Amino acid sequence: MIQNGIIADISDIAGFEASEYAKVYDMKGNYVSAGFVDIHTHGGGGADFMDATDDAFDTALGYQLENGVTGVVATSLTAAYEDICCFMDKAREYMEVPHTKKSKLLGVHLEGPFISVKGCGAQNPKYLMNPNKDSYSFIIKNRDIIKIVTIAPELDTDGSMTRELTENGILVSGGHDDGAYPEFVPAFKSGLKHMTHIYCAMSGFGTKAGVREIGLREYGLMTDNVTCEIIADNIHITPEMARFILKYKGADNVAVVSDSLRCAGMPADGRLYNLGSKYDSASLKVKVSDGIAMLADGSKFAGSITSVHKMVKNLINAGIPVVDAFKTGTSVPARIIGEKKIGSVKKGFAADLCELNENFDIVSVFLDGKKVK
Ligand SMILES: [Zn+2]
């Protein structure tokens, strides 16, 4: 039972009849889950959040809603400082106004610029920054909208940036690093609690003078109370890798993220797409082929074009129990960013719902109790 956009009750309503006060929606035996929550997405449908226009936000959030995602954390790219600020200003402005038929914008995720040169992945190394009080003060200033900041933890040598951000209610996430044990330990001791797309652009097992040593991946996996993101598109990580991570961490600590780019939901006909803002003349170019977005020179994976919903289906196909797979795309990401009223089908939660058929394909989507697809 839904009242004023909120799940008011869940009970057996066999025999319940529509009246002038209540409508009945018959899901005819289909499944219902909470709407998906994507805490790491750069855009889709031809727009990137870094374009920093209402149009771009409308397009990307419309694309997400089409794919059953009802809550989004818009993610920046390492870019010029002014461009990151522009993106945050637009996000704040956008969040203040109600929108129809768009995923809810829950806040922003800054992916960089405090990441390593070697681990920057598809991010432009030109704009990388080193942490010191002055350089990250802009993050504290925007704490009202920032949910997550991805940093290369070895750069925060004494953990002071991690501590300060954590004290300001921002989740610090490790990733895009080039660390060697124990360089990243101070950040963990200072509050780092999340891993940005684990196993992608992240240091791992290596040998130092013939001795095998762990990297950030393994340290994050084995540290309690540390959650992680996975890009479960069967390309960045295989189904077996997904099973390995889920077995190690448990479904309660894993969030699938799309890391989707402008080209998600767009034609893969050889055309080039801008990575990041379309107004940035220095922006790198991306090409889509065989279901993957690569840098135009073919050197690196750039992000995904797969939705959270498809990734949840991939996990089910990999043998993950259905309820666990859905958790990773709904309640876990919501909990990670501290949302207490979305991501679950529970009394008191927002009626953001997906109806799915027996193949887990989306039949309809509800936002605050209203059917939007
Ligand atoms: Zn990303």
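What share of the contacts in the protein with a separation of 6 or more comes from residues 24 or more positions apart? The figure is 69%, where a contact means two C-beta atoms, placed from the backbone, within 7 Å. This is a predicted model, in which local features need pLDDT of at least 70, side-chain atom pairs count only at pLDDT 80 or more, and totals for chains, interfaces and linings use all residues. Residues are numbered from 1 along each chain as its sequence is written.

On overall shape, the C-alpha trace spans about 70 × 45 × 45 Å along its principal axes. Of the 373 residues, 51% count as buried, that is, with 20 or more other C-beta atoms within 10 Å of their own.

Now for the secondary structure. There are ten helices and 22 strands, taken as DSSP runs (H or I, at least four residues, for helices; E, at least two, for strands) and numbered from the N terminus. Eight strands form an open sheet with parallel pairing, in the order β4-β7-β8-β9-β10-β11-β14-β15; pairing takes at least two DSSP bridges. β4 and β15 (254-256) sit at the edges, each pairing on one side only.

Seven of its seven residues are buried, so β7 is largely enclosed by the rest of the structure. Four parallel bridges link β7 to β4 (residues 36-41), with Thr41 opposite Ala74. β7 also runs parallel to β8 (residues 104-111) over five bridges, and here Gly71 partners Lys104. Together with helix α2 (residues 81-95), β7 and β8 make a right-handed β-α-β unit (clockwise from the first strand over the helix to the second, with the strands pointing away from the viewer). α2 lies across both strands, at about 165° to β8; axes are lines fitted to C-alpha atoms, for helices over the stretch in contact, and angles run from 0 to 180 degrees between N-to-C directions.

Then there is the core. The largest nonpolar core holds 103 residues, with Val149, Ile230 and Leu261 making the most contacts inside it; such a core joins buried Ala, Val, Leu, Ile, Met, Phe, Trp, Tyr and Cys residues through C-beta atoms within 7 Å. Helix α1 (residues 54-66) gives the largest share, six residues. Val149 touches Leu110, Ile139, Leu165, Ile170, Val172 and Ser173, leaving out residues up to four places away in sequence. Val172 is also the bridge partner of Val149 in β10.

Terms used: Buried ≥ 20, exposed ≤ 12 C-beta atoms within 10 Å, placed from the backbone.
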